[in-house]
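I opened the notebook to look at aromatic contacts. The entries below record what I looked up, step by step.

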Amino acid sequence: MAEPSSFPIAAVIGDPIAHSLSPRMHRYWLKAARLAGEYGPLHIKPADFADAIAMLPRLGFVGANVTLPHKEAAAAIADETEDAVDAMGAANMLTFLPDGRIEARNTDWIGFIEAVKAEAPLQAAARGRALVLGAGGAAAGIVYALQRERWASIVLANRTHEKAQAFASRFQNDRLDIIPWAEKEKDLGDFDLIVNTTKLGMLGAPSLNLDLVSARKAAVMDIVYTPLRTPLLREAERCGLITIDGLSMLMRQDAPAFQSWFGAAATVDDGLRAHLIKALERDRPA
């Protein structure tokens, strides 16, 4: 069995990857904890993913976060998977164990639910009705989290209804209902949480137009962080609703990886948030 590294190295893998804030987060935590180690971005094409993962432990890597489009491949390549990975068919965290095996976890759902608990504690405690917009990989993590936390009702709407139905078949639970995209504004006043997991509202994408005037008690979350204040969140603010941005989720979903690989607590605080916002502003297109 290999000895633990005194200088652990980890990475985030994606295609593309230059936009990722994960290296800035982990380096912030390393500096705050006064630890030796490194964390950087690796741009890996899908065709090269398996070979790259096989090589990383030989180069001294202790683990890797995985983002699009590799999450499904990461789940498939692992020797050990947790329940969340099995349920979603996707992993965002690979740990290279001393005996050569690869362990896969999915912390997306942790980042989501911890963000809701931190930013909207009343809604999190109520565990009432949630509206999820989108039926991709991000939505899978969010639905998994809501079901695990035993929210009373989960309603999902997607622009392609057939995709929404296929998505729902992966979650055999009577608390998940599918509605047509055209009906997403219906009965908004009944929801405690509204979550956008689509690309609508992202930098360079069309806006998500959602009239939130009737959403009297809902916290509104947008999982993207470019821009940080999406049109949906600005509309929610205008209506006096609690808002949760994508940065809140991102900080919390990366914390378990840091703790596992570097052996220290990863503090999510105002200092980290200010550090990441500064990075976003610096990298914003002119």
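Entry 1. I am working with a predicted model. I searched the whole structure for aromatic pairs and got three.

Entry 2. I took Trp 29 and Phe 258 to begin with. Their ring centres are 5.4 Å apart, with 50° between the planes. I logged the pair as tilted, because an angle over 60 degrees would be needed for edge-to-face and one under 30 for stacked. Then I looked up where the two residues lie. Trp 29 is in helix α1, residues 22-33, and Phe 258 is in helix α10, residues 246-262.

Entry 3. I moved on to Trp 109 and Tyr 144. The centres are 5.5 Å apart and the planes meet at 75°, so I recorded this pair as edge-to-face. Trp 109 belongs to helix α5 (residues 108-119). Tyr 144 belongs to helix α7 (residues 137-148). For accessibility I read 10% for Trp 109 and 11% for Tyr 144. The cut-off for buried is under 20%, so Trp 109 counts as buried, and so does Tyr 144.

Entry 4. Which residues do ring pairs link into a cluster? I found Trp 29, Phe 258 and Phe 262.

Entry 5. Last, I looked at a charge over a ring. The charged end of Arg 129 sits over the ring of Phe 191, and its distance from the ring centre is 4.5 Å.

Conventions
Residues numbered from 1 in each chain as written. Predicted model: local features only at pLDDT ≥ 70, side-chain atom pairs only at ≥ 80, totals over all residues. Heavy atoms only, no water. Phe/Tyr/Trp six-rings, centres within 6.5 Å; stacked < 30°, edge-to-face > 60°. Helix = DSSP H or I, 4+ residues; strand = E, 2+ residues; numbered from the N terminus. Buried < 20%, exposed > 50% of the residue type's maximum accessible area, 1.4 Å probe, protein only. Lys NZ or Arg CZ within 6 Å of the ring centre and 35° of its normal.
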